[in-house]
Amino acid sequence: MAYTVTPTPVGPVGSQYCVCRVELSVCGQNLLDRDVTSKSDPFCVLFMEVNGKWVELDRTETAVNNLNPAFAKKFVIDYHFEEVQKLKFALFDQDKSSMQLYEHDFLGEFSCTLGMIVSSKKITRTLLLGNGKPAGKGMITIAAQELSDNRVITLSMAGRKLDKKDLFGKSDPFLEFFKPGDDGKWMLVHRTEVIKYTLDPVWKPFTVPLVSLCDGDVEKLIKVMCYDYDSDGGHDFIGEFQTSVARMCEAQDAFPLELECINPKKQKKKKNYKNSGIIIVKSCKITRDFSFLDYILGGCQLMFTVGIDFTASNGNPRDPSSLHYINPMGTNEYLSAIWAVGQIIQDYDSDKMFPALGFGAQLPPDWKVSHEFAINFNPTNPFCSGVEGIVQAYSACLPHIRFYGPTNFSPIVNHVARFAAQATQQESASQYFILLIITDGVISDMDETRHAVVQASKLPMSIIIVGVGNADFAAMEFLDGDSRVLRSYTGEEAVRDIVQFVPFRDFRNAPKETLAKAVLAELPQQVVQYFKHQNLPPINSEPA
């Protein structure tokens with residue numbers, strides 16, 4: 001099976017169109033038994049089709065010794081009404097600790113579109129093997145829930161004097177949280193980690209969407225079950241209790257809430273039975289987990305600036321081999337990149353006035369080299385009206401400048417950073433700056449640019465670099481910190497990854513929207529990441 005496995009989950013594709021988020025819960029039934037001495041240990045991997053290839057988005061936990069798993073880990077996907085989002089759910093029997101899927105036994109798969117799941121809310125289908133035949137009696141059930149409620153709940157839980165279940169030691173307790181499903185059965189929502197060898201566990205705080213835990217209804221009863229972990233999957237039941245989020249929210253840091261953990265069988269048998277221990281809610285807090293859309297709907301403006309490379313390596317713009325040559329169709333790679341990105345971003349800026357800057361050219365009348373000039377030749381007002389205005393100013397300036405060098409990025413990065421720094425004085429998420437740099441090649445001032453990017457990573461700012469032509473873009477890949485953290489020459493690390501690099505040549509024959517999606521894929525999460533880091537809610541947000 002040809003799968004593209006990515007070491008980190010890919011960002012949502014086309015997030016700028018994000019309508020809402022959908023949470024998918026997965027259960028398996030009658031899975032194939034691939035283990036000789038015990039049952040299979042299944043986990044589920046979710047793939048999405050991107051440009052004709054299956055790309056891994058996420059995977060669930062492994063259910064030990066279980067042919068009918070209900071996975072606690074949920075898949076959360078951005079749902080786009082206007083796109084066909086093809087998904088594949090593949091189940092594997094974990095054999096080793098390897099992340100490589102070929103190391104594990106294949107248990108079957110099921111493919112469909114997200115639209116199919118959403119329109120049915122819940123589907124159960126036959127799992128298929130690679131040859132298209134059924135995987136035994138194996139079935140998969142996928143349930144969808146819209147995560148339009150952006151509240152999240154953070155719980156800190158502990159236990160005291162839990163029942164001892166192990167013959168030669170103490171228990172290894174963990175908790176499972178359930179909510180009532182539509183069919184009247186309890187549905188697993190969250191499973192804590194196992195705390196080894198203790199009857200007084202303290203679990204790590206965890207955060208789940210409020211919709212996941214109680215469908216957003218704080219009065220709804222939820223059930224919490226406590227088990228003693230066994231490596232063979234036959235976990236021993238310690239006890240259970242029912243409560244609600246409203247009740248758990250009574251817990252404060254100084255005043256924890258104590259709930260008796262009851263084993264109904266023991267309660268029936270023993271007259272003097274009190275409980276099987278106490279589960280303590282140390283704290284329970286509800287907050288809002290704001291999305292890119294929340295910030296945009298809250299009135300955040302995306303401030304767009306374009307930086308254009310006019311260095312000599314581009315070639316004479318009157319020569320058809322030049323990257324700045326405007327062909328009979330009225331376009332070139334520079335213009336295509338401006339259109340692709342600008343057309344989407346301009347919708348998020350109310351006045352649609354964009355500064356357009358050039359670098360690496362000699363300017364009239366004294367023909368001095370400039371690395372930061374207004375392409376409309378109006379330094380006090382470098383703004384162009386809409387993307388059309390940028391295109392007009394670009395075409396008009398070409399005959400009046402001399403292409404020169406070197407290729408210095410840092411002046412333009414610092415130029416936008418000055419405005420972004422002013423925006424940090426505001427106490428609301430009102431402005432975020434995006435710099436699009438279009439260039440044909442190697443950066444001359446790499447140390448200064450690295451330093452400028454590291455400083456800019458602390459500001460409400462992202463940088464998109466589109467490489468045109470066929471040059472070596474290794475330096476651009478280096479600035480795009482997807483694989484490693486970018487460092488300044490001083491050793492200072494970038495606070496976050498703010499650079500997205502895309503070579504135009506990969507999209508020459510693709511539809512226009514493909515380039516836009518690739519270029520803007522990381523932007524929504526960069527915006528959210530910055531404002532969250534600064535603890536800035538959207539301008540018009542309600543309290544949780």
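Modeller: Two strands pair if DSSP finds at least two bridges between them. Strands themselves are DSSP runs of at least two residues (E), helices runs of at least four (H or I), numbered from the N terminus.

Biologist: What makes strand E19 and E20 a pair?

Modeller: There are 3 bridges joining E19 (residues 361–363) to E20, and with at least two needed, they count as paired. The two run antiparallel. One of the bridges links Ala361 with Ser370 of E20.

Biologist: And what sort of model is this?

Modeller: It's a predicted one: local features need pLDDT of at least 70, side-chain atom pairs count only at pLDDT 80 or more, and totals for chains, interfaces and linings use all residues. Numbering starts from 1 along each chain as its sequence is written, and side-chain values use heavy atoms, leaving out hydrogens and water.

Biologist: What is the strand order in that open sheet?

Modeller: It goes E20-E19-E23, 3 strands with antiparallel pairing.

Biologist: Over to Thr192. Why is Thr192 called buried?

Modeller: Buried means under 20% relative accessible area (exposed is over 50%, partly exposed in between; 1.4 Å probe, protein chains only). Thr192 has 7%, so it's buried. You'll find Thr192 in the loop between strand E11 (186–191) and strand E12 (206–209).

Biologist: How do you know that the side chain of Thr192 makes a polar contact with the side chain of Trp203?

Modeller: A polar contact takes a pair of N or O atoms within 3.5 Å, one able to donate a hydrogen and the other to accept it. The Trp203 distance is 3.4 Å, inside that limit. The Thr192 side chain also reaches the backbone nitrogen of Leu175 at 2.9 Å.

Biologist: Which residues is Thr192 in contact with, leaving aside neighbours within four places in sequence?

Modeller: Contact means heavy atoms within 4.5 Å. The partners are Phe174, Leu175, Phe177, Trp203 and Phe206.

Biologist: What about Leu147: buried or exposed?

Modeller: Its relative accessible area is 12%, so Leu147 is buried by that cut-off. Leu147 sits in the loop between strand E8 (134–146) and strand E9 (151–160). Beyond four places in sequence, Leu147 touches residues including Arg21, Val76 and Pro209.

Biologist: How many helices and strands does the protein have?

Modeller: 12 helices and 26 strands. Of its 544 residues, 51% are buried.
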